[in-house]
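Subject: Structure handover

Hello,

Here is the structure for your files. My notes on it follow below.

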Amino acid sequence: MSTATFVVAATSSEVLNVIAAFVGGLIIAGALIWAVQFGMRVRDRELPRPNPDEQPHLPAGGPVRETREIREPDEVPHAEGKERLMPYELHPSGTRTGKDQHRRRWLPGSSGSFGSGGMGRV
């Protein structure tokens, strides 16, 4: 084979690579255009946004306030004579309202936070 044959073969593969890259780019661009048009059609079928007068309003009694309560853990009962407890045998909540609703405060002389350099609880 002569060098002219190699030059023609190299040139033809480069042209094929460029054509393949161009066709691949066209396919990707077409897929993106199709996806945008599809999304626009889906959005047109959705319900319209609510008007300002259709928005939710505050209750007549004013805004709802949060309630503060001290919770304590509700221990899991032991399985008596069974291999394990089933979910329907457990309580619906993992905590219950505590008997003492007095909020605990920091003790005088105790540390305010981690790394404060204090002695901690004395």
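Which side chain meets Arg68 in a salt bridge? The partner is Glu66, at 3.8 Å from N to O. A salt bridge here is a side-chain nitrogen of Lys or Arg within 4 Å of a carboxyl oxygen of Asp or Glu. Both Arg68 and Glu66 are exposed. For accessibility, buried means under 20% relative accessible area, exposed means over 50%, and partly exposed is in between (1.4 Å probe, protein chains only).

Before the rest, the ground rules. This is a predicted model, in which local features need pLDDT of at least 70 and side-chain atom pairs count only at pLDDT 80 or more, while totals for chains, interfaces and linings use all residues. Residues are numbered from 1 along each chain as its sequence is written, and side-chain values use heavy atoms, with hydrogens and water left out.

Confidence and layout

pLDDT is the predictor's confidence in each residue, from 0 to 100. The protein averages 80, and 79% of the residues score at least 70. Confidence is highest in α1, at a mean of 87, and lowest in β2, at 81.

The secondary structure comes to one helix and two strands. From the N terminus on, the order is α-β-β. Helices (H or I, at least four residues) and strands (E, at least two) are DSSP runs, numbered from the N terminus.

Of the 122 residues, 4% are buried. The accessible surface comes to about 12,000 Å², and 62% of that belongs to carbon and sulfur atoms. These areas come from the Shrake-Rupley method with a 1.4 Å probe; for residues, only the protein chains shown count as cover.

Contact means heavy atoms within 4.5 Å. Take the contacts with a separation of 6 or more: residues 24 or more positions apart account for 40% of them.

The helix

Helix α1 covers residues 3-45. A search of the whole structure finds one aromatic pair. The rings of Trp34 and Phe38 have centres 5.4 Å apart and planes at 15 degrees, so they are stacked. The rule is that rings of Phe, Tyr and Trp (its six-membered ring) pair if their centres lie within 6.5 Å; planes under 30 degrees apart count as stacked, over 60 as edge-to-face and the rest as tilted. Both residues sit in α1, four residues apart, about one turn of the helix. Phe38 is partly exposed, at 37% relative accessible area.

There is also a nonpolar surface patch of about 700 Å². Its members are Val15, Leu16, Ile19, Phe22, Val23, Leu26 and Ile27. Patches are made of residues with over 30% relative accessible area and no salt bridge; like charges are joined within 9 Å, and nonpolar side chains (Val, Leu, Ile, Met, Phe, Trp, Tyr) within 5 Å. Leu16 lies in α1 and is exposed, at 57%.

The other salt bridges

The count comes to three salt bridges. Glu69 forms one with Arg71, with the closest N and O atoms 3.0 Å apart. Glu69 is partly exposed at 41%, and Arg71 is partly exposed at 37%.

Arg96 pairs with Glu72, with the closest N and O atoms 3.3 Å apart. Arg96 lies in strand β2 (residues 95-97) and Glu72 in strand β1 (residues 71-73), so the pair ties together parts that are 24 residues apart in sequence. Arg96 is partly exposed at 38%. Glu72 is partly exposed at 25%.

Where is Glu75? Glu75 is in the loop between β1 and β2, and it is exposed at 59%. Glu75 and Thr95 are 20 residues apart in sequence, with their C-alpha atoms 8.2 Å apart.

Glu89 lies in the loop between β1 and β2. Its relative accessible area is 23%, partly exposed. Leaving aside neighbours within four places in sequence, Glu89 is in contact with Lys82 and Arg84. From Glu89 to Ala79, 10 residues apart in sequence, the C-alpha distance is 9.4 Å.

Asp100 is found in the segment after β2 and counts as exposed at 52%.

Best wishes
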